Amino acid sequence: MSLLETFAEIEHHFRPLLAYLPADAAAKISSYGKTQFIKKYVKDEPDEKVLFSKDQSVKLWDIRFNAPIFNAAGMFKLGKGYNVVAKQGAGAFLAGTTTYRSREGNTKHKVTHPFLPFPRSQAAINWMGLPNPGHEVVAKRLSNIERVKNCPIGISLSYDSVDTKEIALKNMVLGLEIYNKAGVDFVEINESCPNVEGKSVSNNLEPELVERLEYISKNFISKLNRNLPVIVKLSNDTNINQVDDLVRILTDLNYSGVNFGNTSTRYKELEKSIRRKEQHHYYYFYNTFGGGLSGEPLKQTSLELASKAIQSVEKISPTNEFHVIRTGGISSISDIEDSIRNGIKLNQWYTGYFKNFGTNGHKLYKKLLD
Ligand SMILES: Cc1cc2nc3c(=O)[nH]c(=O)nc-3n(C[C@H](O)[C@H](O)[C@H](O)COP(=O)(O)O)c2cc1C
């Protein structure tokens with residue numbers, strides 16, 4: 001057991017005590033602690049690659065994923081940590097989200113990259129604001145990675161929301177080209193981060209979203225001369241009645257998949273999924289910073305949206321290969337089984353990942369899937 005695994009196990013037991021701290025202190029400690037933890041985490045490589053007792057791999061878009069689940073975007077924003085998850089047996093390594101220019105991320109009331117977990121509710125909230133060193137730096141890092149078998153590399157990209165529409169679109173295409181050259185295996189366009197300045201995430205099918213999707217399709221996807229699946233990540237707050245239309249637009253425009261989804265800003269509606277003891281932290285955080293809620297409260301919506309998308313794909317039966325990824329509230333094997341039952345072949349996790357690391361350390365994928 002590494003020192004970090006021991007630390008995470010101890011921290012996992014004491015984390016619920018966080019609820020007894022004043023909310024501002026809890027936010028400061030958690031935000032600082034999280035940044036420090038990730039810095040160590042990306043270097044804490046297991047000695048050997050975990051082997052599952054039976055093959056768990058799935059092949060989609062002609063790419064073999066070692067398992068039906070891998071990390072969600074935002075965990076490895078700097079593009080470091082490939083060997084850690086590859087040796088854990090993850091389905092893939094997803095780096096980013098990165099933007100064209102580097103971003104410092106959000107700071108308010110002396111809290112940098114605000115993040116607060118609600119361990120009793122198996123949830124978390126963050127208002128990090130996409131801190132990242134920019135496409136160029138991360139692409140260079142990814143291009144130097146030596147692949148572990150069945151652990152493809154993905155990258156999540158976002159628009160620079162401070163730019164005008166025209167510049168943001170051009171820079172997104174430049175970013176996609178940079179990562180294409182760097183040899184990544186798939187890309188995910190983050191259309192759903194609630195934590196950046198500029199306009200807020202839309203949970204509806206808006207003309208601007210369609211315009212962006214068309215631009216990327218015309219200026220990047222149609223010009224690709226290799227297999228590079230482009231997936232779009234939407235919000236877990238997406239209106240389910242629009243899933244059919246969204247999937248039709250994405251398949252028409254030759255995208256390769258959709259991911260439901262990102263964090264939620266339905267603070268009031270999801271309040272009941274936060275335990276009483278943790279609610280004062282929850283109110284403090286969303287009233288002070290805003291932010292996106294993750295974890296258990298998203299389990300149902302992610303399943304409903306992704307399942308609906310599967311049905312839409314079946315109706316359309318597109319000519320290009322199109323898959324649905326489920327993200328939100330995944331933490332146990334029964335969640336993966338629910339996904340499989342509904343035809344969802346790939347999943348991502350963030351909040352549940354760290355909960356599982358606290359109990360199972362680097363064997364988390366083996367413990368989950370075997
Ligand atoms: C601290 C934190 C940072 C995140 N950063 C990103 C990000 O940079 N890009 C992105 O697409 N999603 C980001 N997310 C959202 C996750 O990728 C995921 O969609 C969401 O947390 C729901 O999954 P979960 O319930 O398994 O956590 C972030 C989530 C958290 C908790």
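Predicted model: local features only at pLDDT ≥ 70, side-chain atom pairs only at ≥ 80, totals over all residues.
Local features need pLDDT of at least 70, side-chain atom pairs count only at pLDDT 80 or more, and totals for chains, interfaces and linings use all residues. Residues are numbered from 1 along each chain as its sequence is written.

**View A. An open sheet of 3 strands, in the order β7-β8-β13, pairs antiparallel.** Strands (E, at least two residues) and helices (H or I, at least four) are DSSP runs, numbered from the N terminus. Pairing requires at least two DSSP bridges between two strands. β7 (115-118) and β13 (292-295) each have a single partner strand, so one side of each lacks a neighbour in the sheet. Between β7 and β8 (residues 123-126) there are 4 bridges. Pro117 has Ala124 of β8 as its bridge partner.

**View C. Helix α7 (residues 243-252) packs on helix α9 (residues 299-316).** Their axes lie 9 Å apart, at an angle of about 55°. Axes are lines fitted to C-alpha atoms over the stretch in contact, and angles run from 0 to 180 degrees between N-to-C directions. Contact means C-beta atoms, placed from the backbone, within 7 Å. From α7, Val243, Asp244, Val247, Arg248 and Thr251 meet α9 residues including Leu305, Lys308 and Ala309.

Conventions. Contact = placed C-beta atoms within 7 Å.
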